[in-house]
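Hi,

Here's the structure I said I'd pass on.

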Amino acid sequence: METVLSGIRPTGNLHLGNYYGALVNFIKMQEENNCFFFIADWHSLTTHPDPKMLHENVRNVLSEYLAAGLDPDKATIYLQSDVKEIAELYLLLNMHAYLGELAKTVSFKEKARQNPHNVNAGLLTYPVLQAADILIHKALKVPVGKDQEQHLEMTRNYAKRFNSKYGVDFFPEPTAYNFGSELIKIPGLDGSGKMGKSEGNCIYLHDDAKTIEKKVKKALTDQGPTEPNQVKPDYIENLFTILRVVSKPEVVAYFEEKWNTCGIRYGDLKKQLAEDIIAVTTPIRERIINIRSDNECLRKVITEGAGKARESASKTIKDVREIMGFKAF
């Protein structure tokens, strides 16, 4: 049974991209692996240092994890800041991280451009903390999207660098758990890139039917194809990508045929897409509402999860200290 780790930053609610990017597969994954799922509240401080919203965002994400199907009896679900061993490993790994490689990280350069007045050290060393999250449990698999592939490669580099420097075979080199031949990327509704909170192009798992209909209706389209079998522009392909994950194959085939014969009506496509998204998210939304109001349930899950995570993390950090020469008198 392999150890698998995944985390999400509590910077808002979970959206359809999170769900189909990983969560929809986590139910199966927790049946077959030793899974650690954590809420990355330390990571959120790099770009969203809002003390008024942090706890509420944690509550939301935890509720949505559980509503999506994660089972605390089958997997370890915990809050990153409850496991102080992660912070210590982060500190120690920083001694093996180089300024040049961190400054070249794609995510760092993008976030620095987006937030030029908050280019902090935590943002620069984000990949090191992410490596600590993974290596503290000696995880072998990590479900990641395409935007995180570079960070996972850096984690492998830190593992190799540590092992080489100290002449040990201690940290494994984790690989992507991608549930198929390609890592999944759910596009946004604005025609640009992936679905993401900061881009404002999301359909959230807690959105009600009217909100979803309104968002889908506003999705970017054009005048339609002008010749049979025309290649779809990216913003139209985005809609078909979402359609393929929420709709039945015959529905997808119908609209593909309408596109290829220049008979597509975007109003019909959007209506169907909204209906199918609502069918997927409504049961989750109802569970979110129930779980979010159950303080005792949330407290129990996070307390027990922290205990199990610390048990695993303490073993790793004890060995790391010894390897690096930190010994008791």
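**Helix H8 and the rest**

In H8, the buried residues are Tyr126, Pro127, Val128, Leu129, Gln130, Ala131, Ala132, Asp133, Ile134 and Leu135. That makes ten of ten for this helix, which spans residues 126–135 and is mostly covered.

Before going further, keep in mind that this is a predicted model. The chain averages a pLDDT of 88, and 93% of the residues score at least 70. Among the elements of the chain, helix H4 (residues 84–94) has the highest mean pLDDT, at 97, while strand E1 (residues 3–8) has the lowest, at 74.

Why does glutamine 130 count as buried? Its relative accessibility is 16%, and the cut-off for buried is under 20%, so it qualifies. Leaving out residues up to four places away in sequence, glutamine 130 touches His43, Gln148, His151 and Thr155.

The other thing I looked at is a helix pair. The axes of H11 (residues 234–246) and H12 (residues 249–260) come within 9 Å and cross at roughly 160°. Angles over 145 degrees count as roughly antiparallel, so that is how H11 runs relative to H12. Their crossing is left-handed. On the H11 side, the contact is made by Ile236, Phe240, Leu243 and Arg244; H12 brings Val251, Val252, Phe255, Glu256 and Trp259. By class, the contact of H11 with H12 has seven nonpolar residues, two charged and no polar ones.

Cheers

Definitions and conventions:
Residues numbered from 1 in each chain as written. Predicted model: local features only at pLDDT ≥ 70, side-chain atom pairs only at ≥ 80, totals over all residues. Heavy atoms only, no water. Axes fitted to C-alpha atoms, helices over the stretch in contact; angles between N-to-C directions. Helix = DSSP H or I, 4+ residues; strand = E, 2+ residues; numbered from the N terminus. Parallel < 35°, antiparallel > 145°, perpendicular 65-115°, else oblique. Left-handed = near helix turned anticlockwise from the far one by under 90°. Contact = heavy atoms within 4.5 Å. Nonpolar A, V, L, I, M, F, W, Y, C, P; charged D, E, K, R; others polar. pLDDT = per-residue confidence, 0-100. Buried < 20%, exposed > 50% of the residue type's maximum accessible area, 1.4 Å probe, protein only.
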